[in-house]
Amino acid sequence: MRIAALVAVLVCAALLGAACGSHGPANRRSAASSGRPTTTTRAFGPRAVRCAPGDVQQVGSRRLAYAGFARHGAVAYRLPGRSVLARFGPTNANGYPSVFGVVGIVVRRDCTPAWYRVELPLKPNGSTGYVRAASLAVARVRTRIEVSVSGRRLTLYRRGKAVLHASVAVGAPATPTPTGSYYVDQRLLPDDPNGPFGPEAIGISAYSNVLTGWTQGGPVAIHGTNEPWSIGENVSNGCIRLPNTILRKVFPLAVAGTPVIISP
């Protein structure tokens, strides 16, 4: 497989070494490249006529988000050019392209981006940083996922309209699903579509707050299940389980960079 053709994807840590399910490691392969949005140099459209260098402009809405792909790697700073927060290669620890959720732009005098403020797939959950604009290829994302933990409900939006509602299984009381604002950072196809993770899995930039000893810190995902009875229950190690038939509808739309908002 060519790394360049892979779409950013991660399964529940249980799939990688075990965090979200009750099962051991499983083989997996990348999703099709259709899960990666098309990048463009004009992703943000026309900017303001005048800009003050260093101005920070927020981007994104309920209808439109942005994903930034680090084709040659990237360095994330706490502030633009100051205090390195993390370094990322062109691919992550699982061999998939590094992607970030872009939430802001630091502009130059001519209003072009100098830096992007991005969501990072790091602990603590909700981490953000600044990456040089030259390091990222940016794409528009028109999908959004919202999950209600207490309601055990997932809603998929496209262009701001709800297009799918589904019941889900969420974390057990001792291993709760972390709430917050995240994004799809990896996508995966388990080798066994009838296994504990179902036919597909959507990795997000969240980590379990309690399973600190798991592989890679206990990443969280939205995936299928071979235990359909668990849907609607709080039984997982933190991941969000969908019925396999519903997951097959969600997976093609949940491209890398899709915002995932998990509420209590």
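This is a predicted model: local features need pLDDT of at least 70, side-chain atom pairs count only at pLDDT 80 or more; totals for chains, interfaces and linings use all residues.
Local features need pLDDT of at least 70 and side-chain atom pairs count only at pLDDT 80 or more, while totals for chains, interfaces and linings use all residues. Residues are numbered from 1 along each chain as its sequence is written, and side-chain values use heavy atoms, with hydrogens and water left out.

The count of salt bridges (a side-chain nitrogen of Lys or Arg within 4 Å of a carboxyl oxygen of Asp or Glu) comes to three. In one of them the side chains of R62 and E146 meet at 3.0 Å, N to O, and this pair links distant parts of the chain, with R62 in the loop between strand 2 (56-58) and strand 3 (65-69) and E146 in strand 10 (residues 143-148), 84 residues apart. Strands here are DSSP runs (E, at least two residues), numbered from the N terminus. E146 also forms a salt bridge with R144, where the closest N and O atoms are 3.0 Å apart. R144 and E146 are both buried, whereas R62, with a relative accessible area of 48%, is partly exposed; buried means under 20% relative accessible area, exposed over 50%, and partly exposed in between (1.4 Å probe, protein chains only). R241 forms a salt bridge with E227 at 3.3 Å between the closest N and O atoms. Salt bridges that share partners join R62, R144 and E146 into one network.

Turning to the aromatic rings, the count comes to two pairs, where rings of Phe, Tyr and Trp (its six-membered ring) pair if their centres lie within 6.5 Å, and planes under 30 degrees apart count as stacked, over 60 as edge-to-face and the rest as tilted. Y77 and W115 form an edge-to-face pair, 5.5 Å centre to centre with 90° between the planes. Because Y77 lies in strand 4 (residues 74-79) and W115 in strand 7 (residues 113-119), the pair ties together parts that are 38 residues apart in sequence. Both Y77 and W115 are buried. F88 and F100 also pair edge-to-face, at 5.0 Å and 80°.

In strand 12, L164 is buried, with a relative accessible area of 12%, and its C-alpha atom is separated by 8.1 Å from that of V250, 86 residues apart along the chain.

Finally, R159 lies in the loop between strand 11 (153-158) and strand 12 (161-167) and is partly exposed at 46% relative accessibility.

Definitions and conventions: Helices (H or I, at least four residues) and strands (E, at least two) are DSSP runs, numbered from the N terminus.
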